[in-house]
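User: Hi, I have a model open and would like to go through it with you. Could you take me along step by step?
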Amino acid sequence: MATSIFGNCETFSSELSDVQNIKTLLAPSKFNSTNSPLPLQPFNHLSEVIAYLKFPDKTKITPRLIESAFNSISNVSPSLKTITFDNIDGEQTAKRMAVIAAAGSHDVIMQGPPGTGKNVLAKCIHGLLPDLSEEEISQCKSIHSAAGLFLKSSINRPPWLSPHTSTNMNGLIGSWSNLKGRGAIPGAWSLAHNGVLFLDEFAEFSRGTLEACRAPLESKMISLARAAGSTTLPASALLIAAMNPCPCGRGNGDNASCDCQSNEIRRYRRKISGPIADRIAIHLELGHEMNDSIENGTKNMSWTEAKNAVARVKKWVDNNPGEEKFVNGPTLTEEASELLNSCRSVLKLSHRGMYHVHDVAMTAALIDDSPVIEVEHIAEAGASRLFDRQSWMNPR
Ligand SMILES: [Zn+2]
């Protein structure tokens, strides 16, 4: 059914319907419809037009229909609120690192066989983030608007973007519009600004798309250049990447638990290049409960305690940006400093890797309300550099 928006003329010809196959006219409700030769759909607001175009079979545009239309093109899902740590059995180490990631805005990559809770843990990290401030909501609305999307004014939860592995570089990073007068179109990284970008099946994205994540991982900004000039888009999203241990998804890569050959596993894992893994602060392995060193420790938190700790630490980190937190935050004990230095030689960490271990350990100390970074904070941050281990890149 062809549809036309018609509102500026007082009269029109019935030939319109014959020539252009127009069946319905959309017009402002104040429009004089007495001479209309066609069915006329009145509207008071553009949101009603959007709802009508989204659900053309509905005869009446109700407030509920408008809300449904906007929900379907919004990327913020309030239903994510209902997922908590109660939805994951065990995995205390992963839950602890989820709290640290949310509090310190540390990017995460996790590996584990299907069914080990990678997806649920990612939603938990999103659920731990505090509601957006008015300023953050305004930023999200501006970015969505530039992409031709809408956010409901009532939504105050951080964005949650989970693009499919077929998403190309433009979809993830952004692009320039071909339309005259239209500028840059934000990609998923920018649409997830102030929220979470969840890239499931991380190794299944094309290599070029993965490598394009280097810049936003490093600077939380995206620069788009073209002959006529360049522009910068905000991309301060928390990246959570998830992948299987091997191509078939059933094995753990450490022994003969599946039929994947060593070279197949190696090729699969090398899709995650060193520079990408290096830029991600927390590397997690799920599905290895035997290695869950703090399963029975004292650090298990209830969901409410975790949310409160994240809000408290996040506020402190926001007030001590960049290097200020290393000046004003918990300092390393002598033992912790020694262990941090030994991480460099034992794990062969880069400068960036060392920074991540120190940074994550500081967030852990802040979560524990500790005035100093203890040796166990460095230990747990160092243990979360899975992808830096030689055994990970060269399995079996
Ligand atoms: Zn396998």
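User: Which residues of α16 are buried?

Analyst: The buried residues of α16 are Gly353, His356, Val357, Val360, Ala361, Met362, Thr363, Ala364, Ala365, Leu366 and Ile367. A residue counts as buried if 20 or more other C-beta atoms lie within 10 Å of its own, as exposed if 12 or fewer do, and as partly exposed in between, with the C-beta atoms placed from the backbone. Helices (H or I, at least four residues) and strands (E, at least two) are DSSP runs numbered from the N terminus.

User: Before we go on, what kind of model is this?

Analyst: It is a predicted model, in which local features need pLDDT of at least 70 and side-chain atom pairs count only at pLDDT 80 or more, while totals for chains, interfaces and linings use all residues. Residues are numbered from 1 along each chain as its sequence is written.

User: Ok, back to α16: what span should its 17 residues have?

Analyst: At 1.5 Å a residue they should span 24 Å, and the end C-alpha atoms of α16 are 24 Å apart, which agrees. The expected span is 1.5 Å times one less than the number of residues in the helix. Just after α16, Asp369 takes a positive phi of about 60°.

User: And how do α15 and α16 cross?

Analyst: The axes of α15 (residues 334-346) and α16 (residues 351-367) come within 10 Å and cross at roughly 145°, where axes are lines fitted to C-alpha atoms, for helices over the stretch in contact, and angles run from 0 to 180 degrees between N-to-C directions. On the α15 side the contact is made by Leu340, Cys343 and Arg344, and on the α16 side by Met354, Val357 and His358; two residues are in contact if their C-beta atoms, placed from the backbone, lie within 7 Å.

User: New topic: in what order do the 5 strands of the open sheet run?

Analyst: The order is β5-β8-β11-β4-β12, and the pairing is parallel. The edge strands are β5 (160-161) and β12 (282-285), each of which pairs on one side only. Two strands pair if DSSP finds at least two bridges between them, and β5 pairs with β8 (residues 196-199) in the parallel sense over 2 bridges. Within that pair, Leu161 stands opposite Leu197 in β8.

User: Which strands does α5 lie across?

Analyst: Helix α5 (residues 118-128) lies across β4 (108-111), β5, β8 and β11 (238-243), and runs at about 170° to β11.

User: Is Leu121 in that helix buried or exposed?

Analyst: Leu121, which lies in helix α5, is buried, because 27 other C-beta atoms lie within 10 Å. Not counting residues up to four places away in sequence, Leu121 touches Ile88, Ala94, Ala98 and Met110. Leu121 and Asn87 are 34 residues apart in sequence, yet 8.7 Å apart in space, C-alpha to C-alpha.

User: What about Ile83, where does that one lie?

Analyst: Ile83 lies in the loop between α3 (63-72) and α4 (92-104), and it is partly exposed, because 18 other C-beta atoms lie within 10 Å. Leaving aside neighbours within four places in sequence, Ile83 is in contact with Val120, Lys123, Cys124 and Gly127.

User: Last one: how do β9 and β10 pair?

Analyst: Strands β9 (residues 221-226) and β10 (residues 229-234) pair in the antiparallel sense over 6 bridges, and they form a hairpin with 2 residues between them. Leu224 stands opposite Thr231 in β10.
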